[in-house]
Amino acid sequence: MAETFDALIVGAGHNGLVAASYLARAGKRVLVLEQQPQVGGAAVTEELFPGFRFSSVAEGTGRLVAHVAADLQLHKHGLKLLPIDALLTAALPAGGRLSFYSDTARTAAEIARHSKADAARWPDFCAAMQCLAAVVARLMMLIPPALPAPSGRDLLELLKLVAPARRLNRKQLGDLVRTLPMPVSDMLDEWFECDALKAALAVDGVHGVSLGPRQAGTAFVWLLALAAGQVPAFAAASQLQGGVGALTQALAKAATSMGAQLRLNAAVQQVVVKAGRAAGVVLASGEEISAQVVISNADPRTTFQRLLDPLEVDPVFLRSTGTIKYRGCSARMHLALSGVPRFAFDATARIRIAPSINYIEQASDAAKYGTWSQQPWLDVTLPTLADATLAPPGQHVLSIHAQYAPYHLRSQDWDTQRATLGSAILSTLAQFAPDVPQLVLHSQVLTPLDLERNYGLPEGSATHGEMTLDQALHMRPIPDCAQYRTPIKQLYLCGAGTHPGGGCTGINGHNAARQVLRDWG
Amino acid sequence: MPRPSPFYSRTAALCESHSWQEWSGFLSANMYELHHLREYYAIRTAAALIDISPLYKYLVHGRDALKLLNRVMTRDIARCAVGQVLYTPWCDEHGRIIDDGTVTQLAPGRYRVTAADPSLRWFEDNATGLQVQIDDISDSLAALALQGPLAGEILQQAAGPALAQLKYFRHASAAIAGMDVSITRTGYTGDLGYELFADPADAERLWDALMEAGQPRLLRAAGQLALDMVRIEAGLLLVAVDFISSKKTVFDVQKSTPYELGLGWTVMLEKGNFVGRAALAAERERGAAWATVGLDVQWDSLEQIYKRYGMPIHLPETAWGNAVPVYSDEVQIGRATSGTWSPLLKKYVVLARIQPQYAKPGTPVCMEATVEAQRHMTAARVTALPFYNPPHKRA
């Protein structure tokens with residue numbers, strides 16, 4: 001007699017593991033099914049070259065939100081945070097730099113080297129943004145209402161917003177509503193004069209989206225990133241030991257310690273639907289596992305178009321899942337280095353190569369026309385400076401997030417463009433650390449196509465759908481299934497394609513588990 | 001501007017009335033002579049040739065062709081053998097009719113679908129995740145309907161005696177004057193009849209060959225006005241007149257389900273999941289809100305009304321399709337959606353959608369009738385459909 005489960009979770013990404021933990025904690029029998037030989041999904045540390053371990057897709061900027069991290073007690077499951085000094089260093093031409101620290105005054109002093117006026121405004125900016133981010137952070141923890149016809153429970157859920165919103169005065173509330181649809185460059189122009197400062201911040205408004213900083217809605221992307229702890233200039237002053245994979249390893253231990261079971265190398269072929277309700281899954285091996293509830297950590301398109309028999313899904317709904325914008329537009333490049341590259345500054349912090357708003361905007365032009373940026377903006381991390389466990393002694397790993405590299409190229413294909421993109425990234429980096437090319441022992445470029453093929457991220461979108469205002473909140477992934485539920489009863493979503501989107505916050509998994517338990521009655 | 005159909009050179013030459021209408025972007029003759037009555041009688045007593053090229057036609061093929069069709073259509077297409085034709089409606093996810101048409105399995109796994117409205121997008125939406133190819137062949141097939149009690153003899157004359165074996169709702173390939181023609185024994189007249197599909201390049205020669213073969217049996221071209229009368233006699237509904245496609249209105253009240261339109265027999269709830277199944281299963285459970293019936297308007301009652309004006313009965317010469325209220329004891333119970341004087345049956349026949357408790361044949365009801373711009377109620381009796389169902393239709 002095969003074992004039966006209360007809940008099956010398709011995919012052991014961080015959100016799948018968070019959902020598994022909460023459900024197991026609530027006493028449900030949970031089985032997590034992962035097709036890869038390791039847990040983590042896109043949040044993995046991989047030995048891409050012998051002895052060199054990389055955070056291959058997701059980076060370690062994000063932390064689970066405090067509330068989830070506290071619930072799951074990850075420090076008890078081996079998660080170690082290494083302190084770092086600077087949070088972010090913007091590399092500027094001619095050896096210049098602009099570093100950001102947790103200490104507002106210290107950052108202001110650094111900004112003062114570029115603009116006294118901006119330095120003076122910095123503390124106010126921090127206070128104002130933290131104030132808005134606090135409301136957005138509460139918004140992220142909500143199960144979005146089903147608009148335009150919210151249920152009574154939706155309205156109760158919205159009441160949770162009242163308290164944080166009341167901490168804002170009318171002007172601040174007005175600012176929040178006004179800011180969301182703005183271009184991030186306009187938002188920053190209202191505060192600062194220094195282009196280098198604005199560029200260093202603006203990157204987080206276009207990170208992972210195919211928009212440029214002068215496009216509408218990027219201020220929302222920025223605020224959401226801020227609330228999720230993903231804007232490096234405002235992030236925690238620590239680095240995950242062992243890369244981002246350490247987070248999902250700890251999550252897996254937390255989940256199993258709470259009683260969830262985990263099966264690796266178990267690819268789910270199809271979600272079984274009986275009379276409109278999810279009843280279990282069929283694995284690629286043909287094995288059938290039944291359960292009362294199935295929760296998909298896969299992205300919405302994969303979930304609805306690949307894991308379900310199309311006969312079971314309403315055609316209008318199925319069509320609407322085809323209109324979700326994924327539009328992956330960034331590449332990853334990983335370098336194994338024989339030594340520390342010589343930057344003109346301390347390289348322990350994340351290094352950002354995006355010296356001006358125009359630089360970012362021009363890089364985005366390429367994506368607009370279906371080509372990749374010859375001069376991309378880069379986010380560079382050298383985690384081995386703080387964490388020697390990732391490379392052989394004396395050697396280093398360096399990872400680059402490069403944008404824009406759109407999944408859909410107009411007249412080329414990624415299999416022929418991969419190498420030339422790698423050269424362009426490397427030569428961009430070499431403008432700030434000229435010895436990098438000589439230090440490279442091994443290198444790997446992950447184009448959006450590679451991210452799709454190797455990590456199951458459609459169109460290379462690490463966030464399971466572009467994080468734009470029209471695909472956020474009660475519209476994520478689409479209005480018809482924005483409450484973690486789907487039109488198939490007992491089938492839920494818990495991945496980054498749901499509210500509040502990408503980033504290793506764990507909120508999606510947390511909220512999905514909350515919804516599942518609420519529906520359980 | 002409407003475009004000419006592949007038969008235009010022939011239909012235009014015959015169209016003395018110069019009365020045309022637009023049908024799916026094509027010019028379509030209303031009537032060829034100054035009155036349509038001879039065309040009506042041709043359909044009912046001899047044979048008529050009707051240009052139906054404006055129909056939308058699709059070829060569905062590939063591994064999952066059957067799966068797609070069974071997902072979209074309410075009938076069980078698995079029961080459509082090679083060489084067979086099925087009439088079927090298709091519904092949206094709420095079980096409301098989008099359109100109806102025929103499905104013909106031309107060869108194993110190759111299906112031709114006819115539709116009144118463009119349907120490619122709906123079929124393709126439903127094909128997500130399936131391995132199936134849907135070709136819009138509307139413009140690459142000219143189509144003619146050969147209808148009437150003598151249609152079989154004319155077709156055998158033109159295409160050979162083997163066509164005598166072609167049964168009702170079956171398909172055959174044949175040659176007419178050396179041209180390949182795909183023939184189904186189907187139609188929109190409720191009479192013996194065939195629909196012929198051919199290469200548009202052959203259209204004019206095909207028309208000529210049929211006209212020549214039909215000449216001794218008084219074959220004539222018929223237009224839309226005659227067709228509209230016979231389809232009401234046959235109890236066949238017309239989209240946008242008797243019901244509205246659920247894709248053409250945003251108001252639920254204007255949409256209809258197969259059960260409401262008397263097409264419950266086409267809904268195969270047992271065949272597995274299909275679009276609208278859940279809603280239709282629920283509707284069958286609770287019963288449909290409407291029933292589609294025939295009304296036989298009582299001549300005496302109508303005569304009484306006209307008498308008050310000192311007039312004899314004056315009926316519209318063509319079929320009408322603007323809805324009027326239907327009453328029982330002065331309470332409205334539904335609507336009449338189209339009607340016509342039937343010269344053959346000598347009856348005023350009407351299609352109506354009424355509350356199901358009044359649907360029993362023989363139930364007396366009233367229909368609004370306007371005489372000299374004044375409203376009246378004329379008596380009518382509920383009748384089962386069709387009004388006219390000759391044995392030679394299926395024989």
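Predicted model: local features only at pLDDT ≥ 70, side-chain atom pairs only at ≥ 80, totals over all residues.

Trainee: Which residues touch the most other members in the largest nonpolar core?

Mentor: That core has 137 residues, and the ones touching the most other members are A:Trp122, A:Phe125, A:Leu201, A:Trp222, A:Phe234, A:Ile400 and A:Leu429. Helix H4 of chain A, residues 116-141, gives the most to this core, with 11 residues. Apart from it lies another core of 38 residues, including B:Ile43, B:Tyr87, B:Val230 and B:Phe387.

Trainee: What is A:Leu429 in contact with, leaving aside neighbours within four places in sequence?

Mentor: Its contacts are A:Leu335, A:Phe343, A:Ile353, A:Leu378, A:Val380, A:Leu398, A:Ile400 and A:Val436.

Trainee: And where is there a nonpolar patch on the surface?

Mentor: Look at A:Leu156, A:Leu159 and A:Val162, which together have about 280 Å² of accessible area. A:Leu156 lies in helix H5 of chain A, residues 152-159.

Trainee: Why does A:Leu156 count as exposed?

Mentor: Because its relative accessible area is 55%, and the cut-off for exposed is over 50%.

Trainee: Is A:Glu157 buried or exposed?

Mentor: Buried, at 4% relative accessibility. A:Arg514 counts as partly exposed, at 23%.

Trainee: What about A:Arg350, which residue does it form a salt bridge with?

Mentor: A:Asp379, with the closest N and O atoms 2.9 Å apart. A:Arg350 is in strand S14 of chain A (residues 350-353) and A:Asp379 in strand S15 of chain A (residues 377-381), so to speak distant parts of the chain, 29 residues apart. Both A:Arg350 and A:Asp379 are buried. They also belong to a network of salt bridges that links A:Glu59, A:Asp204, A:Arg332, A:Arg350, A:Arg352 and A:Asp379.

Trainee: Which residue meets B:Asp252 in a salt bridge?

Mentor: B:Lys255, at 3.6 Å from N to O. B:Asp252 is partly exposed, with a relative accessible area of 45%, while B:Lys255 is buried at 15%.

Trainee: Switching to the backbone: where are there cis peptide bonds?

Mentor: One joins A:Leu147 and A:Pro148, with omega about 5 degrees, and A:Pro148 sits in the loop between H4 and H5 of chain A. The bond from B:Leu385 to B:Pro386 is cis too, with omega near 0 degrees. B:Pro386 lies in the segment after strand S19 (374-383) of chain B.

Trainee: What is phi of A:Asn265 near?

Mentor: It is near 55 degrees, a positive value in a residue other than glycine. A:Asn265 lies in the loop between strands S9 (261-263) and S10 (268-274) of chain A, and it counts as exposed at 56% relative accessibility. In chain B, phi of B:Ala177 is near 50 degrees, in the loop between strands S10 (171-176) and S11 (179-184).

Trainee: Last one: how do S1 and S2 of chain B pair, parallel or antiparallel?

Mentor: Antiparallel, over five bridges, with S1 at residues 19-23 and S2 at residues 26-31. B:Trp23 stands opposite B:Phe26 in S2(B). The hairpin has two residues between the strands, and B:Ser24 takes a positive phi near 50 degrees there.

Definitions and conventions: Residues numbered from 1 in each chain as written. Chains lettered and ligands numbered in written order. Heavy atoms only, no water. Pairing = 2+ DSSP bridges. Helix = DSSP H or I, 4+ residues; strand = E, 2+ residues; numbered from the N terminus. Patch = residues over 30% accessible without salt bridge, like charges linked within 9 Å, V, L, I, M, F, W, Y side chains within 5 Å. Areas by Shrake-Rupley, 256 points an atom, 1.4 Å probe, with all protein chains shown as cover. Salt bridge = Lys/Arg side-chain N within 4 Å of Asp/Glu carboxyl O. Buried < 20%, exposed > 50% of the residue type's maximum accessible area, 1.4 Å probe, protein only. Core = buried A, V, L, I, M, F, W, Y, C linked by side-chain atoms within 4.5 Å. Contact = heavy atoms within 4.5 Å.
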